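The following exercises are to be worked with the sequence and the coordinates at hand. Each task is followed by a stepwise solution.

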Amino acid sequence: MIRSLLSADPPGSRLLAASLLAVLVGLALAPFVFPGARSLDVAARVAVFVLLAASYDLLLGYTGIVSFAHTMFFGIGGYGIGIAAASWGSGWGSLAAGSLAALACSAAIAFAVGLLSLRVRAIFFAMITLAVAAFFQILASQMSWLTGGEDGLNFNLPSVLSPGTKLVAAPVLGIDLNGRVLSYYLVFGCALALFLVLLRIVNSPFGRVLLAIRENEFRAEALGYRTVVYRTVANCLGALAATCAGLLYALWLRYTGPATTLSFDIMIDILLMVVIGGMGTMYGAVLGATIFVLAESYLRDLLRLASDATHGVPLLPALLHPDRWLLWLGVLFVVCVYYFPHGIVGRLRARRP
Amino acid sequence: MPEPMLALSGVNTRIGQYHILQGVAFEVPRGGLTMLLGRNGAGKTTCLRTIMGLWRASAGSVRVEGRDTTRLPTPELARLGVAYVPENMGIFAGLTVRENMLLAARAGPPDEKRLEWVFGLFPALRKFWNALAGNLSGGQKQMLAVARAIIEPRRLLLVDEPTKGLAPAIVANMIEAFRELKRTDTTILVVEQNFQFATSLGDSVAVMDSGRIVHTGAMADLAADEGLQQRLLGLSLDAHQ
């Protein structure tokens, strides 16, 4: 059963299996184990970014496509649900229509960009995707009548998902089961299901062809595979998964805007998540996204504690000041890349069991 | 006279500023094994890659079973039943032996009998079925490259230097495998530097020099004529036996 769920792609290392299980259990029980709005928000972001990083890994790790337009598809998902909810109301119908429109839009753009650009060399494709993503970001900022411009869009969700809605009268394990918890489980459940779908895709015969293309495009062609078609389909699948991540993120935040979905910083973040976790492993996306989001969320708090603890020691409190968190985040990534050149999953699998 | 399996006529191929193939013309008869010989840099590999559509001919024509395939994309050519074994053990190192083989089985999971036949030719592949192809020895990688090309019946098999860098025992295994392969319907064109391998297997031969075909004929005739070997290939048979 578990083997089938994992598409016959077990973690391959006890430590990796334990780490993945810890992430899964942590996310599944987050509302009960880590109560509080902030920790629930971190858990939801982990779930969304695992999906987003996994969808990027399908392109980068499995197909060898370097795309900088991935956040554009993430943004299309966010804006799809945001525009629909802001324009047509907060019903399930408008959310479904916005989601379908976003998915159709992403598929069409990914297909066009892929078909027109995947014939060219990787560096040119990367440049084209960068230009398209920048164009889309400017478009979202300029068309303020539709997208809310730089301010973005706030919108309401169906009442069952609102924090004020109590699903069960009495607290369960000390936690009020309200619409916010339901929203969290909606995000977590969808992200988990889509991650398993991606895992199934990369372990299918289609995924095997993608790996072959990544390794040697000419050899794959000589075996009879139209590499442009496979790369275009992979591009569309990656884009659709990123759009779903965008939909879930907007659903969780009840807001969408350029900074939360379209920013180039997010593109760099997901690139780091994939590289740190391990390219071409899918499980790498889980560990990479979890470590990244946790570091981004709690590094400042840890630095504050460290700074207070070293009070009186020369230089250290200033170096460990919470405002230096980006510096330490950078150091953390340099250390990760130095010690895990094939990513964390690559290192763990190399020293199996 | 029956139509040849493969016919090249006036084929020119340029790679960047280099004019590699300069009017290559020869035929590969159906059913047998043809050797394409020549010194290093004569254009043999370019010739195979041009036939396979991996490099485009700037002039001339390539015909497979009478059909003009000069402009046909490589995947289409593969679908016509033309298989290509690149030089330097052209396998997918990041995939397992099993995955490499499944990748080549375009019509679906390989037929059990066919797979057993392939295992009979290359027993090491059964042993390392689930091993990462990148971890195999050089000889095993070459076996996998050939096995991958024949996992399904092919009309024409193009093989680039199958014995390059292999130990004598593996070369002997490879010769036996090609002998077995010759008993099937597959027509084979092999680029080779190992003259002993060529004489052991070749039915016909084409010799290239400086991007042109300078000799075609029966392999047995070339094997018997030491003077011709000296003139065409710059070698003496003694040095290769």
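**Exercise 1.** Determine which helix gives the largest share of the nonpolar patch, and list the residues that form this patch on the surface.

*Solution.* Step 1: helix α17(A) provides five residues, the largest share of the nonpolar patch. The model examined here is a predicted one.
Step 2: the patch is formed by A:V313, A:L315, A:L316, A:L319, A:L327, A:V331, A:V335, A:Y338 and A:Y339, whose accessible area together is about 850 Å².
Step 3: at least two patch residues come from each of α16 (316–319) and α17 (325–339) of chain A. A:V331 lies in helix α17 of chain A.

**Exercise 2.** Classify the relative orientation of α6(B) and α7(B), and characterise the residues of their contact.

*Solution.* Step 1: helix α6 (residues 138–150) and helix α7 (residues 168–182), both of chain B, pack at an angle of about 10 degrees, and their axes are 10 Å apart.
Step 2: angles under 35 degrees count as roughly parallel; α6(B) and α7(B) are therefore roughly parallel to each other.
Step 3: from α6(B), B:G139, B:Q142, B:M143, B:V146 and B:I150 meet B:I170, B:N173, B:M174, B:F178 and B:L181 of α7(B).
Step 4: the residues of this contact comprise seven nonpolar, three polar and no charged.

**Exercise 3.** State how many salt bridges the structure holds over all chains, and explain how A:D301 and A:R304 are placed along their helix.

*Solution.* Step 1: over all chains there are 16 salt bridges.
Step 2: in one salt bridge, the side chains of A:D301 and A:R304 meet at 3.3 Å, N to O.
Step 3: A:D301 and A:R304 are separated by about one helical turn because they stand three residues apart in helix α15 (residues 283–309) of chain A.

Note on methods
Residues are numbered from 1 along each chain as its sequence is written. Chains are lettered from A and ligands numbered from 1 in the order in which they are written. This is a predicted model: local features need pLDDT of at least 70, side-chain atom pairs count only at pLDDT 80 or more; totals for chains, interfaces and linings use all residues. Side-chain values use heavy atoms; hydrogens and water are left out. Axes are lines fitted to C-alpha atoms, for helices over the stretch in contact, and angles run from 0 to 180 degrees between N-to-C directions. Helices (H or I, at least four residues) and strands (E, at least two) are DSSP runs, numbered from the N terminus. Angles under 35 degrees count as roughly parallel, over 145 as roughly antiparallel, 65 to 115 as roughly perpendicular and the rest as oblique. Contact means heavy atoms within 4.5 Å. Ala, Val, Leu, Ile, Met, Phe, Trp, Tyr, Cys and Pro count as nonpolar, Asp, Glu, Lys and Arg as charged, and the others, Gly among them, as polar. Patches are made of residues with over 30% relative accessible area and no salt bridge: like charges are joined within 9 Å, nonpolar side chains (Val, Leu, Ile, Met, Phe, Trp, Tyr) within 5 Å. Accessible areas come from the Shrake-Rupley method with a 1.4 Å probe; for residues, only the protein chains shown count as cover. A salt bridge is a side-chain nitrogen of Lys or Arg within 4 Å of a carboxyl oxygen of Asp or Glu.
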